[in-house]
Amino acid sequence: MALTGRRLEVDRIATLAMLPRESAMVVVGDPGSGRSSVLDAVAHRVSLPVVRVGVNGSESHWPLAGVTALFTALDDPRATAHIAHLLQAGSTGGQVPERAGLAAAHDFLEAVHTLTLPPTVVLIDDLDRMDVESQELIAFLAGRLAGTALRVVASVRTVPADGPLAALPALRLEPLSEDVALTLARSTAPDDANDGVLAILAQETGGNPGVLREQLAGLTRGQLIGTEPLVLPLRPTKTTEAIAATVLDAAAGRDLDVLARLALVPTAKAATWDRDALDDLADAGLVAVRGQHVEVANPLVRSSLYWRTPSRERRAAHTALAEVTADTDARAHAWHRSFVDDVPDAVALLRAARSYVVDGNTTAATSLTERALLVGGGTADEHEALLGVAEVMLANRLLSAAARYLAAIRPFRETTTEVRRLRLQYSVEFLSGDAVHADELLLPVDAGDPVETDAVAGLLATVACFRAEVWELDQARDLLARAEPFLDSASAHTLEITATARELIAAVDGTLPADADLHDGLSAAVLTGMSDAALLLLAHALSIGERYRSARRVFALVLARGPQTPLVWTEAARYLSAENEVRSGNFRQALRAIDVWEAGSAASERFREPSRVIAIAWRHFAEGRSSEALDVLDRCLAQRSTNRLWGATAKLHAFRGRVLLLDGRLEEAAVSLEAADAIGRSLRNPAVLRHLGDLVEAYARLGRIDDARAITARLAADHHSRPSRWGALVLARSLALVADDTTRETARRRALELFQPHDSQYERARTFAALAAVGTATERPRLGAAAAAAYEAAGLRRPLVTPAPSVAMPSFGGSLLRSGPTGSAPQPGTPRSAPDASAALTSLTAEERAVVQKVTEGYRNREIASSLFMSQRTVELRLTQIYRKVGARSRSHLVALLT
């Protein structure tokens, strides 16, 4: 398993180990921080010989046991003799102990110098568990490595300021961030583990990989998959206790009684506590003060303090704190009362949790929510309060947490509340990359209740948007038709969402009205009065409709609203804004937008596959890392199942095919693009999936001209029914790729002249590169240079490799010689004056090879002309050119040469 979250540390140690001079470093980390794993990664990373030295803690009272282990690990026959000498010299023999120690150190250093070792990396794990004498000698050696050929890296828990290792360079393994810890949890836990549970563990384990793994192992099956609540704070593990002991020992003399009582609550108002004691604890780094609230800084210390307090004492302390907070801190009061009351008030806990989410304190909100699930009775009021918590969690981008608590909510009998639950459920499903199964939309509606009809109409419009996003346009239109009877009494917000849903459907279908006909010409006065959700739908529709500037303006309007915009809409605006720049071909701006999106949210807050996968793969691709892009796409495709969004799967295949095509892996590209075509065949707007132009190019470069022409015909038909600027540019390119001799020059000239200054530089580069791939040897350098310049203008950081002549040639079946190295030996029976057929094939154009393919299959000239969409005269002219190039005297001789 790859080491998660320590790449920079491993890079630094590996760099030090590869320096031309001897060097030493101490790696310092808490128990469970991954010191051994880092050394393992370094051992696999460096190219020098590596010597691992393990430490047996039971030998720590044996003098020089560690030095003996070091010499034993070194591969030198003289090391054994030095061991006996050092052990004998280790006795004081009547000398002053300090002088004896210095003499032993010099003896040890001299012994190491006498060994004939190649440059070697020595990795010592847990050096601080060695005997004291060995620690001192190895520290002495580490400071005087010149001439030894050794690079020494040792891991320790701590480095005392007055210890022998204090003078050595130290690298501290800091706790993992919550993002990295969540990534580690996802890679460690079973596939069916609840992501919300993993996010809680990432929070509560303080970024310690060892503790995280111990807690995962300690969960019950129900807790792991999210059907049972967690008990927070988590019960301490062995590693947790070791870390807490180190922290608390260093805090000796502080008021730890206050710290122990503060550990009883996730967070509390500072005004209810002794301010002097809090300041003292804050100075020691034991508590964190955030505004008016205070909490134990380290969750592992809180876990240890909480659970080491006997139950009776905890209950008594909760009782006292409940009285203190009754009038000053209602949320802490609800927490403490839940440990005191015989029938705890779960609704009060959930309302407090909701307000914590609004305040941005998700840790406290999670603790109170888990507590409510643990002590609640599952009443309808509790479920409605839990729904409120899940709603604000989704609004604050906590998608996995919202999904976790949504799963615990039963359907409601009251229609408006059930509509809230369904809207949340569908939103979570959609943002998680799952198909939205809206069978529950057959709700009983009281047509005379405007509140009910408005709620149902809003839900239908919302799900219609989700359907349109995945290109299920008929279903989306049906949902809007079902909402139509309720719109007379609908609220302004519902009418707004319904209108923008229609615009999104029209954009996907390729029939979006002009900007002048949308919202009073997209006037600022109208746009500023629209809701965030409606603005995002409109902006996305504009982007799909290739109104990139207008979309950019609307996205900017959402992002400029600042704190008043729910974080979930900010997240969506950032992602869709990046997608808009990618579609426009502005790769520089797209890279910036993706970076802003990634930096603006934590891993637990980001939308999951496939949206993030496509964005990250685009960044890899744009920066010239095609293999990384393909790895990301392949992992996502491997994880997707049949209940996932088919439209997103088509996007993944289409993008994968595009990357492969530009890397020259034509057969693989064709397979991926054919998969995208099969999935997205029902979509009649070619400008949405944008795979047909790539498929034409792949077929043309493979020599499958008939297939390329068939796809070009489809593209032309779809473009004429749903015209777009992208479609016009790509259709012109496709026609140039499949044109015959009589129309080739005209088609290629049109494909290039069609571009205007405001058109996508990326598509311009694609056209130059495609024409270079099928062009002649004299055309290829010129077109390739133009493609490289256009790629650079688009911001695509990838070198353009001018295609080799063989790339432009079709691949024939088994009856023909495949294009290959140009120096193959002539076949027996071939006239000496005739050129080598394999070499001659590489000189043919794609169109000439297509004619050859038909000749070998027994086609007559008239049949060839019909199948390849050219005149019979053109076929005859091509055959004459083919005979001259391959040295054939007749049709039968041509077939004989190539079979």
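Colleague: What volume does the largest cavity have?

Modeller: This is a predicted model, where local features need pLDDT of at least 70, side-chain atom pairs count only at pLDDT 80 or more, and totals for chains, interfaces and linings use all residues. Residues are numbered from 1 along each chain as its sequence is written, and side-chain values use heavy atoms, with hydrogens and water left out. A cavity is a set of points on a 1 Å grid over the protein atoms alone where a 1.4 Å probe fits but cannot get out. Points are joined across faces, edges and corners, and volume is the space filled by probe spheres set on them; for the largest cavity that is about 70 Å³.

Colleague: Which elements give two or more residues to its lining?

Modeller: Lining residues have an atom within 4 Å of a point. Among them are Pro 686, Leu 689, Arg 714 and Asp 718. Helices are DSSP runs (H or I, at least four residues), numbered from the N terminus. The elements are helix H35 (686–689) and helix H37 (705–721).

Colleague: How do H15 and H16 run, roughly parallel or roughly antiparallel?

Modeller: Axes are lines fitted to C-alpha atoms over the stretch in contact, with angles from 0 to 180 degrees between N-to-C directions. The axes of H15 (residues 311–325) and H16 (residues 330–337) come within 8 Å and cross at roughly 155 degrees. Angles over 145 degrees count as roughly antiparallel, so H15 and H16 are roughly antiparallel.

Colleague: Which residues of H15 make the contact?

Modeller: Contact means heavy atoms within 4.5 Å. H16 brings residues including Trp 335 and Arg 337. From H15 come His 318, Leu 321, Ala 322 and Thr 325.

Key: On a 1 Å grid over the protein atoms alone, a cavity is a set of points where a 1.4 Å probe fits but cannot get out, and a pocket is an open set with protein on both sides within 12 Å along at least five of seven lines; lining residues have an atom within 4 Å of a point. Angles under 35 degrees count as roughly parallel, over 145 as roughly antiparallel, 65 to 115 as roughly perpendicular and the rest as oblique.
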